[in-house]
Amino acid sequence: MDPSDQKIFTVIDYVIFAVLLAASMGIGLYYALSGGRQRTTQEFLMADRSMGCLPVSLSLIASFQSAVAIIGVPAEIYTHGTQYWFIGCAYILGLLIPAHIFIPVFYRLRVSSAYQYLELRFSKAVRICGTLTFIFQMVIYMGVCVYTPAFALNAVTGFELWGTVLATGLVCTLYTTLGGLKAVIWTDVFQTVVMFAGQLAVIVVGVQKTGGVADVWRKVWEGNRISGLDLNPDPTERHTFWTLGVGGVFLMLSLYGVNQAQVQRYLSSRTEKEAVRSCYMVFPSLQLALALSCVMGLVMFARYCGEDHSDKLASSSRDAMVIYFVMDMLHGLPGLPGLFIACLFSAALSTISSAFNSLATVTMEDLIKPQYPAMTEARATLLSKVLAMSYGLLCLAMAYLTHLMGDSVLQVALKIFGMVGGPILGLFCLGMFFPWANSIGALVGLCVGLVVAFWLGIGSILTRSTRPLPLECSANVTIAIQTAFNNITLSQPSGLKRFYSLSYMWYSGFNCTTVILIGLIISFLTGPTKEEDVMPGTLYPLLGKLFCFLPEHLKKKLCCVTPLGQTLAAPQRQPSQHKEGNGLAFPQEDRSSLEERESFLPETLVEYETAV
Ligand SMILES: O=C(O)CCCC[C@@H]1SC[C@@H]2NC(=O)N[C@@H]21
Ligand code: NA
């Protein structure tokens, strides 16, 4: 079946796609005209901190589950087998650590942007560098997210490419600009449901058309697509339990721990407990999303293994082959191709809108407001909307740049997170877990971390070649080819080549560690910070918890838990400066939330608060 010539999309398919765009617009308009009508930045950027854990948890998933995962993961499973599924093991620590370390610290500082933390802990310069790094990361990532669905569809179905990119970009910019974070979160909820429905439809139809579950299982098993637990410790091995299960934890922390898009959702929760609960609720839904995309890849393999389809897709990549598979399964079933298109664009829209909104937030809170503190709410909100619009247009330009990247889109996205998200994670860990770290150490650490990350990333693009598994699905052929492959002992790269061949799944962990090490070394060289000079509430006594077996005097030196009774030197700030939202001082809190904070913050902080 060559889909490009057959009429795939009936009217109903276009209607379903149009309904998705209209529904998203409708939610955007609803929040533009209801509630506070998006008149304050607290509402536009923080949803009035009024959200419940269900919408927040679905929105957390939608933010980093885009068309890249919907297309890239099945392509990954089809090509390399189910090893990638072990990334699910990283979701355990990857969500527990944000829930019990990052969320409490951010929530109790009541900041609007994660990068305000960097000023409280270090200095304004560190905050600005962190913000600019985040903007860089999200703009590139948005480009990949806009481009992926449009390119893949165009390659297979002739679906109008730039018209789609424009329609997606404009609809998304509009409802994000009109409805603010409330609209983004509720459209994310709707779009996540559509995303799951679309993938489920493809799996059900695909299994049915490939001869049923037993047949599919036999083919993927004999096709050597069910990967065992690969405990190979070699860090240059692309996908093993270690690179995915452990390296993936750092990837998850860079996204669900310190990425502004997720931090903003945690901070938009009604209470800290709601925020922690929403983080817990991400786990089952994320596992479901991972399972759906992996099973889709297995069904696709079962359908095509042994047949040679490369002629039909000579030009396009494995990614486009996923769309070919979907259209091959769904054509002739009116409405289902449209449902999958809606699923693809739901995945893209929910990620892009989260990126727009978080970019507008940090630009306002971290770059503009501190320069113009006297700006009125009305002007600040208007400016936030203009920013959301301009980031929308910028991402369309980035979409074109994506055209030039080589790898599979999943690999491109994960490399971006590793190369840029890793150093940012390192910066926050340096601040939260190491009281001695000072601003110079943080700045130099971040810069060196980014330079090394890009040196490694670009080096790997220039030297990398992944070895796909053979596409045969009869056991003996596959094993024969497999052993032949293994017998070609690839000359083990040495020195710099070995450095370049580090698995991209280790980028987050490697770059995070670089920032921490360099940051600590420079801090010690330039005079480490004394723990009493550190702003209370910006440290988490991780070392104290890790080394709880140490004797008390050693622990005191190591882990910054200020013993009870010593009141901290109250930072030289007048109570009048306690302004909500600028994050530069602790806002006056009513007793209730103060009690809530008691459980976590070093006791002395409570004394400090009551003393002030
Ligand atoms: O889908 C994307 O846009 C990016 C690819 C997935 C990003 C990471 S992988 C681990 C975690 N699980 C997800 O579904 N997304 C993030
Ligand atoms: Na998404």
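Helix packing, burial and a ligand shell

Author: In this predicted model, helix α5 (residues 90–109) packs against helix α11 (residues 260–267) at about 65°, their axes being 10 Å apart.

Reader: What makes the crossing of α5 and α11 right-handed or left-handed?

Author: A crossing is right-handed if the near helix is turned clockwise from the far one by less than a right angle. The crossing of α5 past α11 is right-handed.

Reader: Which residues make that contact?

Author: Ile103, Phe106 and Tyr107 come from α5. Val263, Tyr266 and Leu267 come from α11. A contact needs C-beta atoms within 7 Å.

Reader: How are the residues of the α5 contact with α11 divided by class?

Author: Six are nonpolar, none polar and none charged. Tyr counts as nonpolar here, as do Phe, Ile, Val and Leu.

Reader: How do you know whether methionine 195 is buried or exposed?

Author: Buried takes 20 or more other C-beta atoms within 10 Å. Methionine 195 has 30 C-beta neighbours inside 10 Å, so it counts as buried. Its place is in helix α8 (residues 161–209).

Reader: What does methionine 195 touch, leaving out residues up to four places away in sequence?

Author: Gln65, Ile70, Cys343, Ser346 and Ala347. Asparagine 224 is 29 residues from methionine 195 in sequence, and the two C-alpha atoms are 29 Å apart.

Reader: How do α8 and helix α14 (residues 336–368) pack?

Author: The angle is about 145°, and the axes are 5 Å apart. The crossing of α8 and α14 is left-handed. By class, their contact has 21 nonpolar, 13 polar and one charged residues.

Reader: Why is α10 called largely enclosed?

Author: The test for a buried residue is 20 or more other C-beta atoms within 10 Å. In α10, 15 of the 17 residues are buried, so the rest of the structure largely encloses this helix.

Reader: Where does helix α10 (residues 241–257) bend?

Author: At glycine 248, by about 35°. That bend is the angle between axes fitted to the seven residues ending there and the seven starting there.

Reader: Which residues come nearest to ligand 1?

Author: Of the 14 residues around ligand 1, Phe64, Gln65, Ser66, Val68 and Ala69 come nearest. The elements giving two or more residues to this shell are α4 (67–80), α10, α12 (272–304) and α16 (409–433).

Reader: What classes make up the shell around ligand 1?

Author: The shell has 11 nonpolar residues, three polar and no charged.

Key. Residues numbered from 1 in each chain as written. Chains lettered and ligands numbered in written order. Predicted model: local features only at pLDDT ≥ 70, side-chain atom pairs only at ≥ 80, totals over all residues. Axes fitted to C-alpha atoms, helices over the stretch in contact; angles between N-to-C directions. Helix = DSSP H or I, 4+ residues; strand = E, 2+ residues; numbered from the N terminus. Contact = placed C-beta atoms within 7 Å. Buried ≥ 20, exposed ≤ 12 C-beta atoms within 10 Å, placed from the backbone. Near = placed C-beta within 6 Å.
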